[in-house]
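This report describes selected features of the structure shown below. Please keep the sequence and the model in view while reading.

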Amino acid sequence: MARANRPVSRRQAWWLLAGALAAFLPLTQQIPPWLAFAAGAAFAWRAALTWRQWHLPPKWLLVLLVIAGTVAVFLQYRSIIGRTPGIALLVVFLALKLLELRAARDAIVTALLCYFLVLGQFLFTQTIPTALLSCVTVLITTATMLAASDDRPEPLLQLRRAALMLAQAMPFMLLLFVLFPRVQGPLWGLPQDRHTATSGISETMSPGSIAQLSQSDAIAFRVEFKGELPPQSRLYWRGPVMPAFDGRTWSIRQTLGAYPEIPYPVSGPSIDYDLTLEPNGKFWLFALEMPGNLPPDSALTSDYQPISRQIVRNRMRYTQRAYPETNAGINDTRAALNEALALPSGGNPRTRALGAEWRNRHGDDGTAILATAQEFFSRQLLIYTLNPPLLGPDLVDEFLFDTKRGFCEHFAAAFVYALRSAGVPARVVAGYQGGEVNPVDGYLVVRQYDAHAWTEAWIAGRGWVRVDPTAISAPSRINTNLAAAVPAGEDLPFLARTDLTWIRELRYRLDAVTNGWNQWVLGYNPQKQRDLLAGLGLGEPDWRSMTAALAVLCGVVLLGLTAWVLRNRRRVDPAFAAWRRFAARLASRNVVWRDWEGPLAFADRAARSIPAHADTIREIADLYARLRYAPAPCADDLERLRRRIAGFHP
Amino acid sequence: MLATLRHRLHEAFVRWAVPVRAPEPAPIILTQRRVYVLPTAAGLSYGTALIVILLGAMNYNLSLGHALVFLLAGLGVVTILHTFRNMALIALSPGRCDPVFAGGTAQFALVLENRRSDARTSLRVFIGDGEPVEIDIGAQSSVIALLPIAAVRRGWMRVPRITIETTWPLGLVRAWSYVVPDLSCLVYPAPAAKAPSLPWTSDSSRGTSREGRGADDFAGMRDHQPADSPRHVAWKTVARQQDGPLLTKLFSGAAAAQVWLEWSALPEAMGTEQRLSRLARWMLDAEAAGHAWGLRIPGLRLAPDHGATHLGNGLRALALYQDGAR
């Protein structure tokens, strides 16, 4: 087509620059600074080219720049495939394409590159603000495409037309979004860089590691309970279990045997809930103690932590049932328990002596030792604080007998150490405790500052029993929340503070909106799609019924839009409408106006037939003729014609 | 090879698409059934880009990526409607077409009428594979498109198939329609480039020279009248007397001289077309010189006269001359 070869006009060049900027600006955070600067320079060059109407740079220079850009991206990332290098390359191409706007075809290519960059942005963030921002980008890019095919309308008009067309495309988007058969990705191997570092509980616990998390109000997961909300003190979200201790750091077992099913018999009342887990970059799934079922594609470690088969890189939702009164591991073998008794040789002599003393007093009676230990902890008047003093090599001794100030990891570590010294198998369990109910949507939100560490002791005949030494000294941490437990004046994350009511109110609302967005827009996966469609009465939704429903509904929308777009409101000329009324009145007197008849000739004929009204007829015909044929008809002639005809009753 | 196949397919499509009863009665309304829509090259790239975006969104489980691709797909559908709407229900009627000489360019006028209350934008109208004429039609108004086409042979030239197309608004799809309006152009024979001077015969000048003097004798001057030939304006006199009125030179005999342009007087060796060319040249020359001229060709005789109508009649007779008609 000759049209595709037409040169790009100045106005079109401005439009393309605007579209490219709209696509590029949100990405500046994600690409290396040198590229952002280089692209910015290319945009400025483009602006100068358009402003001054300079000649485009020669082709060889552009080829050289493309090669240079590609090599630079490769050197930066050691790859040109994958998320970030791919986007960096797209930015290079977009910036250089703008310097090569020769024909209308180049304009289309540029617009398509902009659309790709919008997708690229979603790889990094999919929040509501991002979505709104990309709406703006898509709007500008679409207006650019409009301008590429017709650059005469003013920019505002162009934007309005683009907005109208996008608004008309909306129903299709909604239908396709809901009904297009979803496929669970990835379709092919994900490049490794998809995984980004996330903060959260780690594989090890040393003094200060959980206290560090208490400064973060990032969300770990959200929970929707099916029934009553259980009391705060029951909300122990089990995470990594750490039996290994090297004198300072607790860590998870390195070789994990895993149960494909729940290995223990469940008992007691159950709690049903759906958990939406934020990506944590680990295999871990969190669940209320003790899990009674396993999410799909997951297993239970030998120390009863649910883990996924794949690293949790995307937000995922799973349904869980917990049995808080279940005793697990009653039949654990001696070998397994030995690991929960191991202590490094030496160190912490006072705690060891204490343990040995308990052992002498109670012998093998684990229950009695446990009770003694709990009583000891409460007698020590330990203080729960976010700012514990630094501890030396014998940290358990120092915490229990000297400083007496610590955070949950100190409590848990000291408690397990003491129990092990007394010959009772014990281990540290990390996870989250509590959470905050959002009154707006009823979800329980668990944040990083809800991270907690507690302990489990193995008692013959009862299995693993949960003991939370923090609860002994700071019951308010367990019964309410972190802010209630730490002394006033300590640094808390902004959102954990309880004094700013209106901010909390606002946050609840924002968070409910975000959660709805996460659940229904971002979390709309094949499973959710099936559930929704089944709920809408589409029994057994599979891709066939979805496609059929999609086709039918799209057809309906298309018909509606077609009718609207092709609407052909024939606007009858008001003067002619009045004239027709007049003719109809005369027709009742058997004077029929024929449409080829001029008004004056007709008036003559009618006046002869109805001489009584001859003057009125002539006046009306005269008015009509003037409205029709006068070079500059009088504005109020129409009104007069109407009044005359309204008062005309032959 | 591929190009030939494409061309053939296109021709087959046109045969199917253009109504058999061409030319069509006016006004031709581009109803839904005769507007065709297909994606352009840009539209195909757009579709491909959409598929790539969809695959990316699926692979990375990007819900917003899905939303983006679905929005753009919706936009693709909507643009089909808009492009179609831009074309549909235009009323076309043939306009006038001034006669031209063979070898010149005929300008077919096509009246495009938009009865809707919003404008039509960026329509392209072209004949055959010719250069497109780009037009917009305002709300409830009409526009005349002048379509140029080379006039090759004398006689009536029927307008060939006319294509109307648009890719507005996004350039992703092209809507087009074919029409064959009842529109013809009269093509006069090309006047011969070199021709002998007018064939004054003893008979022709003798019988008509009322004054009995030479045809070019100067006979005086009078005020200029609009109908007078500019060749006879007394430019030198006008130049001499500043701000004076234009004056026309009168020639005794010249204004009244008449010449017969005769088919049979031409050499036997000349073919039909050559004869027609020569006669056309003479007519123009005679008209330019202000002579009255008559025409005698087999089957037709035009009495001597001059003026635009007479010239038109003469040229028309030459254009439509057929050998069998004698």
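## Contacts and the nonpolar cores

Two residues are in contact if their C-beta atoms, placed from the backbone, lie within 7 Å. The model to which this rule is applied here is a predicted one.

Which residues does Leu117(A) touch, once residues up to four places away in sequence are left out? They are Ala23(A), Phe24(A), Leu27(A), Leu90(A) and Leu94(A). Leu117(A) belongs to the largest nonpolar core, which has 129 residues. Together with Val91(A) and Leu71(B), Leu117(A) touches the most other members of that core. Another core, of 84 residues, lies apart from it; Ile271(A), Tyr384(A), Leu419(A) and Ala471(A) are among its members.

## Helix α5 of chain A

Helix α5 of chain A runs over residues 104–122 and has 19 residues. From its first C-alpha to its last it reaches 28 Å, which is close to the 27 Å expected at 1.5 Å a residue. The helix is mostly covered, with 17 of its 19 residues buried. In general, an α-helix has 3.6 residues a turn, so residues three or four places apart point the same way.

Strand β16 of chain A comprises residues 444–447. Leu444(A) and Val446(A) point one way from this strand, whereas Val445(A) and Arg447(A) point the other way. Are these residues buried or exposed? All are buried.

Strand β2 of chain A, residues 219–225, pairs with β16(A) in the antiparallel sense over four bridges. Within this pairing, Arg447(A) in β16(A) is the bridge partner of Ile219(A). Strand β15 of chain A, residues 436–437, also runs antiparallel to β16(A) and is joined to it by two bridges. Here Glu436(A) stands opposite Val445(A). The strands β15(A) and β16(A) form a hairpin with six residues between them. In the turn, Gly442(A) has a positive phi of about 80 degrees.

## Domains of chain A

The domain assignment of chain A gives three ranges: domain 1 (2–154), domain 2 (204–501) and domain 3 (574–646). How far apart do the C-alpha centres of domain 2 and domain 3 of chain A lie? They lie 95 Å apart.

## Chain B

Chain B has seven helices and 17 strands. Of its 326 residues, 35% are buried. Among the contacts in chain B with a separation of 6 or more, 69% are between residues 24 or more positions apart.

Conventions
Residues are numbered from 1 along each chain as its sequence is written. Chains are lettered from A and ligands numbered from 1 in the order in which they are written. This is a predicted model: local features need pLDDT of at least 70, side-chain atom pairs count only at pLDDT 80 or more; totals for chains, interfaces and linings use all residues. The expected span of a helix is 1.5 Å times one less than its number of residues. A residue is buried if 20 or more other C-beta atoms lie within 10 Å of its own, exposed if 12 or fewer, and partly exposed in between; C-beta atoms are placed from the backbone. A nonpolar core is a set of buried Ala, Val, Leu, Ile, Met, Phe, Trp, Tyr and Cys residues joined through C-beta atoms within 7 Å. Two strands pair if DSSP finds at least two bridges between them. Domain bounds come from an automatic or database domain assignment.
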